[in-house]
Amino acid sequence: MSLDSITTSVDEAVSGFFEPIATWLVDVVFYSVHVGGTELPLIVVWLVVAGLVFTGWFGLVQIRKFRLAVDVVRGKYDEKGSAGEVNHFQALTAAVSGTVGLGNIAGVAVAVSIGGPGATFWMILCGLLGMATKFVEVTLGVKYREVHADGTVSGGPMHYLPKGLAERFGKNGKTLGKILGLLASFFVLFFGLFGGNLFQVNQSYAQLVSITGGEDGLMGSSAGALFFGILIASLVGIVLLGGIRSIASVTSKLVPAMAGIYIVACLVVILVNVTAVPAAVATIIEGAFNPEGVAGGVLGALIVGFKRAAFSNEAGLGSAPIAHSAVKTKHPASEGLVALLEPFIDTVVICTMTALTIVIANPASWAEARAGESIGGVTITSDAFGTVMPWFPYILTFAVMLFAISTVLTWGYYCMKAWTHLFGRSRTSELTFKVFYTLFAVGGSLLTLQTLIDMADAVLFMLAVINIIGLYLLAPVVKRELNSFLEFVRARNAGEITEDEDQESVKTTV
């Protein structure tokens, strides 16, 4: 029996078993209502409303404290002796690597194709709102993290939901928080295995096959798929064994590299067509408020833009706090401010660059997609670059590889924290998970299991429901932490304390 027939049989058997469950779960989680002739998923409303609420609650923190966030990333307010495993920059890149990926390349093309250029405007707005939500959840992640005896750190919704709710609401809050924490661990683990691991490897392999002659080419055989899977799994396994320090060390180099390559490519297309930039910007703004040929008109463009942005930056899903919790700091709000840069990088910068490149280059595949033909999102993006750089598919493949590896690594860390929350932190438990996760990476190039990936997406967004409820209930805690850090910043800038002094010497305001 050949490898192809084995993998096909496994795909069909698993999909056949889980398909009814996945269909029901997707219908429930992504339940949509008809608004202006356009489907509006209520989960997107849930995420956007949270962004609006927290933007108002914290007084436009994403704008007023943006420069302070950059200063914190640069290390200006570091304190010696802080608990944690990585610095602010490494924590940020580790988290960004989990959100920046194929959604920025293919998802944006889909948004522009369906919602018109105006969808870009609404994507930017949604990204700006998501910055406030990210600030809140990451501050809580650091506030209620668990620092172990060996110096390693565990954090995320599985920690701040039970601890925070118990602190604020006593026994009843403790019981509710424990249940929500266990659910959060399961949701993170399930999505990480299929969406954060299998899907990323599968898509990067597909891109590699496409530039090496297709299924009849060098990498199109089962042997090629197995080789690719083992290679990626080996790289992931080696880094994963090193824990968050090793992951952060790699992602702190990979993320700037992959973002740099992609942004430079966008700039090349834009600069070659620099005379078209004003018209492209005008098209985006006009399309946001007066779109032509878009189902649902302005509302349709808005919904598409919000949907793609919400799915891209993951603000409110509770995943990013797991990575950010490992930061070296004595002030939880300091990392919350760092985290608000994440949706800015992911959505406001990278997604906008992609959309602007597509609008300016105006590739033929975009016109075909707007006419109703089924064109893959990544094809539109690739063709846009191809109008200036015919060789770009090879560069795109390299970028996709970096995106995929960094995402698999970050979700490996997320999953391990969820796993140890469920099954304990023993060395045997951690090693078991790392082997299990690594084997999943091998399967990514051999299997698709699309049904499980669809179900994983639904499970992850179920996490957003319980996570944001917790964020609302714990927002007063975040307010106190922000005031405390701002007082620390004031004292440091005034020379009242130095880097070596402990935060307890700072008079905090509540």
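Biologist: Hi! Which residue follows H4, and what is its phi like?
Modeller: Hello! This is a predicted model, and in it H4 is followed by Gly-75, with a positive phi near 90°.

Biologist: Thanks. Which residues of helix H4 are buried?
Modeller: Helix H4 covers residues 66-73, and its buried residues are Leu-68, Ala-69, Asp-71, Val-72 and Val-73.

Biologist: And where is Gly-81?
Modeller: Gly-81 lies in the loop between H4 and helix H5, which spans 88-99.

Biologist: Is Gly-81 buried or exposed?
Modeller: Gly-81 is exposed, because its relative accessible area is 75% and the cut-off for exposed is over 50%.

Biologist: How far apart are Gly-81 and Lys-328 in space?
Modeller: Their C-alpha atoms are 8.3 Å apart, while in sequence Gly-81 and Lys-328 are 247 residues apart.

Biologist: Changing topic: which helix is Glu-137 in?
Modeller: Glu-137 sits in helix H7, residues 119-143.

Biologist: What is the nearest side chain of opposite charge to Glu-137?
Modeller: That is Lys-134, 4.3 Å away. Glu-137 is buried yet has no salt bridge.

Biologist: So what is Glu-137 in contact with, beyond its neighbours within four places in sequence?
Modeller: Its contacts there include Tyr-160, Glu-314, Pro-321, Asn-467 and Leu-471. Ala-315, Gly-316, Leu-317 and Gly-318 are also among them.

Biologist: Now cysteines. How many disulfides does the structure hold?
Modeller: Zero disulfides.

Biologist: And Cys-266, buried or exposed?
Modeller: Cys-266 counts as buried because its relative accessibility is 0%.

Biologist: What about Cys-351, buried or exposed?
Modeller: Cys-351 is buried too, with a relative accessible area of 1%.

Definitions and conventions. Residues numbered from 1 in each chain as written. Predicted model: local features only at pLDDT ≥ 70, side-chain atom pairs only at ≥ 80, totals over all residues. Heavy atoms only, no water. Helix = DSSP H or I, 4+ residues; strand = E, 2+ residues; numbered from the N terminus. Buried < 20%, exposed > 50% of the residue type's maximum accessible area, 1.4 Å probe, protein only. Lys, Arg positive; Asp, Glu negative; His and termini not counted. Salt bridge = Lys/Arg side-chain N within 4 Å of Asp/Glu carboxyl O. Contact = heavy atoms within 4.5 Å. Disulfide = S-S within 2.5 Å.
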